[in-house]
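Thanks for coming. I have one structure to go through today, so please look at it while I talk.

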Amino acid sequence: MNPRTQTAEPMGDTVLDLAPLAWLHDELQRALQGALAAVRDYVTAHERSRSADLSAVDAAEMRLQAQALQQAVGALEMVGLVPEARTVAALQAVVERLIERPLAAEPEVIPLVERGVWALQDQLRRHLDRRGLPGLALFPFYRDWRQWVQARAHPADLWMQALPATLPVPKAQRILPSPRVRYWVERFALPLLREGRVSAAVGLARLVAGLARAGGDPSQTRFWSIAAAVFEAVAAQRLSTDVWFKRSVASMLRLHVPSFSGGPTAGVPWEGSAREWLYLVARVDPAPDETLPHAHALWKALGWTEPLRWDPERR
């Protein structure tokens, strides 16, 4: 992992108190090293037992290490290292999956675990030296572990930027949710997803800006306002239509738009989805001005001055 540079990017990281971390550091390192050693031994033992009885391999040490990782998660949360805690939780899920499914203990699991453990150990040492990388630096390893247990991963999981408590909604024509609005949202969104047709973002920006002006539930207003900021930026070609953008649009069509036709609104993850859309707004480059009213209002509310340029694929 490369050193973090000092910028005004919206990294979402908090100021760290080093005293509690220094006290817990050795214990955290032992938990990570113990988990790695247990996985190596467990996979090796299973390789030797392939032709015999896999159930003969003792998983007691793996269970102990899963418990130690759970305690490490709590300790990291206590000292404010939430991205690190979530990454360790992803490692815990890998260990537990290996216990539940011994046939998954293939040799390729060892380097999968090694890479992430080494990155976590390096990150903890860097924090003690006040050279800590942003939480997003752990995303490649967090994603690998989450995908291995068939769980979802998004950079916003490790990006600790809170949603704005209040958000001014720029002027726009008020649009109420309806089956007809759903039709037009889908009609614009599908070419954007399938063909990358940026011009479709213009219509989407207008529609979701109107939905943000419709009033009602504050979490829905905030979600549509943030979505409007994203579509404005895409229409102006100041935000790429990468995999994270496409995932957010697909999620919007699957989870949020069906309510326009009478679908349920209870249980719709407005807050969690809004954070993923906010992550996209942070990457608008160059920084939005008044020609992008929703993005500009968001940046002003959050005090951002520079785009988030950290590549979540960087190792």
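I will go from the overall fold to one helix pair, then the core, the salt bridges and a few backbone details.

First, the ground rules. This is a predicted model, in which local features need pLDDT of at least 70 and side-chain atom pairs count only at pLDDT 80 or more, while totals for chains, interfaces and linings use all residues. Residues are numbered from 1 along each chain as its sequence is written, and side-chain values use heavy atoms, with hydrogens and water left out.

Now the overall fold. The protein has eleven helices and zero strands; helices here are DSSP runs of H or I with at least four residues, strands are runs of E with at least two, and both are numbered from the N terminus. The C-alpha trace spans about 65 × 45 × 30 Å along its principal axes. Of the 315 residues, 52% are buried. Buried means under 20% relative accessible area, exposed means over 50%, and partly exposed is in between, using a 1.4 Å probe and protein chains only. Among contacts with a separation of 6 or more, 75% are between residues 24 or more positions apart, where contact means heavy atoms within 4.5 Å.

How do helix α1 and helix α4 pack, and at what angle? Helix α1, residues 18-48, and helix α4, residues 109-128, pack at about 170°, with their axes 10 Å apart. That makes α1 roughly antiparallel to α4. The axes are lines fitted to C-alpha atoms, for helices over the stretch in contact, and the angles run from 0 to 180 degrees between N-to-C directions. Under 35 degrees counts as roughly parallel, over 145 as roughly antiparallel, 65 to 115 as roughly perpendicular, and the rest as oblique. On the α1 side the contact residues include Leu-21, Leu-28, Leu-36 and Val-43, and on the α4 side they include Val-113, Val-117, Trp-118 and Leu-124. By class, this contact has 16 nonpolar, five polar and three charged residues. Ala, Val, Leu, Ile, Met, Phe, Trp, Tyr, Cys and Pro count as nonpolar, Asp, Glu, Lys and Arg as charged, and the others, Gly among them, as polar.

On to the core. In soluble globular proteins, nonpolar side chains tend to be buried together. A nonpolar core here is a set of buried Ala, Val, Leu, Ile, Met, Phe, Trp, Tyr and Cys residues joined through side-chain atoms within 4.5 Å. The largest one has 106 residues, and those with the most contacts inside it are Trp-224, Phe-231, Met-252 and Trp-277. Helix α1 gives the most to this core, with twelve residues. Leaving aside neighbours within four places in sequence, Met-252 is in contact with residues including Val-185, Phe-223, Val-257 and Pro-258.

Ser-225 is in helix α8, and it is buried, at 1% relative accessible area. Not counting residues up to four places away in sequence, Ser-225 touches Leu-167, Val-169, Ala-212 and His-294.

Now the salt bridges. How many does a search of the whole structure find? There are 13, a salt bridge being a side-chain nitrogen of Lys or Arg within 4 Å of a carboxyl oxygen of Asp or Glu.

Asp-122 and Arg-126 form one of them, at 2.8 Å from N to O. The two are four residues apart in helix α4, so about one helical turn separates them. Asp-122 is partly exposed at 23% relative accessibility, whereas Arg-126 is buried at 8%.

Glu-313 and Arg-143 form another, at 2.5 Å from N to O. Glu-313 lies in the segment after α11 and Arg-143 in helix α5, so the pair ties together parts that are 170 residues apart in sequence. Glu-313 is partly exposed, at 37%, and Arg-143 is buried, at 12%.

Last, the backbone. Most residues other than glycine have a negative phi, and most peptide bonds are trans. Which bond is cis here? A cis peptide bond joins Asp-285 and Pro-286, with omega about 0°, and Pro-286 is in the loop between α10 and α11. Arg-130 has a positive phi, near 60°; Arg-130 lies in the loop between α4 and α5 and is exposed, at 65% relative accessibility.
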